[in-house]
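I opened this entry to record what surrounds the ligand and which charged side chains pair up.

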Amino acid sequence: MNVLVTGGLGFIGSHTVIALHQAGYTPVIIDNLSNSSEAVLTQLSKITGHSFEFYRGCIGDDALMQQILTDHNIEGVFHFAALKAVGESTEQPLAYYRNNVSNTVAMLETMAKCGVERIVFSSSATVYGDPQYLPLDEKHPISSTNPYGWTKVMVERVLQDYCAANEKMLAIALRYFNPVGAHPSGELGESPKGIPNNLMPYIAQTAVGIREYLNIFGDDYDTHDGTGVRDYIHVQDLVSGHVAAFDVHVKDSGFHAYNLGTGQGYSVLDMVKAFSSSAQTEIAYKICPRRDGDVASNYADASKARQILNWHAKHDLKSMTDDTWRWQTNYPKGLE
Ligand code: WQD
């Protein structure tokens, strides 16, 4: 089956392309290269021995999308293309609503024209807003504390309403916790442009000397060591969750949402210690004031995915930091 992967040269998208190929699907990639590099395409071929069809463009380009969906007989869309920086979304909300929401609606309209009735949507645990209880299950109230999160809430709402109006439509929203790690080959990983927003790439760049030290945003939270606790999940577990969800639901319709997390929370200092062990070097850090919008703890109840998708995260913390370290040392400046 031919499937389209939007944002397929990005961190999660590119790893999903490999997993889909290995599961027997034929992924076609579209990416506007706003936060990725065409060099990823070479890495995908190096890892799989396969060359993938790639289109540089925007998912809101109706003519281009009609051409791709029709020419390649696309039967499902894995939708990763989105802006994803929480802080940036508060500074540039219109760019986030246009790119993440308007363009997704435009893509859904094009899919409808072409009879494509399956979508797997890259959602986020951010849709749970400030946790009212932990661990977070899929019944937790939906809200957000930032425009980026609201774009994920809105697209899930669009998909729910579209499925209610079109009985053959299948939409699967996968709510990621904190994706980290890299492909075990060391040939593919996260390549954030500029100063990393997220913890793991910042730690990795500190370990190789690109950053002088890590700023730890607060050590006065109500957690075991005072630093923020999150549910870090290896990207390889995340992508196997995508394949499992599609395999299970491919003949179904309706809206389905699943948490993709490990259920295990680790603190910032836990991550620093684990990475220091992988890299065999100390990670310099400074304790700084809390970052606006951060919560103390956030981790998943992933039992619904285990029960229905027969999926659970298999990679432990050491493999997350080992794989990240291998990637970081192979490509200190990422792929340019
Ligand atoms: C993790 C912890 C920080 C950087 C965000 C998005 C979420 C998802 C994952 C897209 C927190 C601390 C971080 C640093 C630090 N993205 N930290 N120093 O904020 O949990 O989630 O990324 O879907 O939607 O909200 O991830 O990696 O930014 O932070 O101390 O330089 O590390 O305070 O406790 P976060 P993060």
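Where do Asp161 and Arg157 both lie, and how many residues apart? I find both in helix α6 (residues 147-165), four residues apart, about one turn of the helix; helices are DSSP runs of H or I of at least four residues, and strands are E runs of at least two, numbered from the N terminus.

The model is predicted, with local features needing pLDDT of at least 70 and side-chain atom pairs pLDDT 80 or more, while totals for chains, interfaces and linings use all residues. Residues are numbered from 1 along each chain, and side-chain values use heavy atoms, without hydrogens and water.

Salt bridges. I took a salt bridge as a side-chain nitrogen of Lys or Arg within 4 Å of a carboxyl oxygen of Asp or Glu, and the count came to 10. Asp161 pairs with Arg157, their closest N and O atoms being 2.9 Å apart. Lys113 pairs with Asp62 at 2.8 Å. Lys113 lies in helix α5 (residues 93-113) and Asp62 in helix α3 (residues 62-71), so this pair ties together parts 51 residues apart in sequence.

Ligand. Of 18 around it, Thr126, Tyr148, Asn215, Arg230 and Asp294 come nearest. Strand β8 (residues 214-217) gives the largest share of the shell, four residues. A polar side-chain atom of Arg291 lies 2.9 Å from a ligand oxygen atom, and a backbone N or O atom of Leu199 lies 2.8 Å from a ligand oxygen atom.

Methods
Near = heavy atom within 4 Å. Polar contact = N/O pair within 3.5 Å; in protein donor to acceptor, adjacent residues only side chain to side chain.
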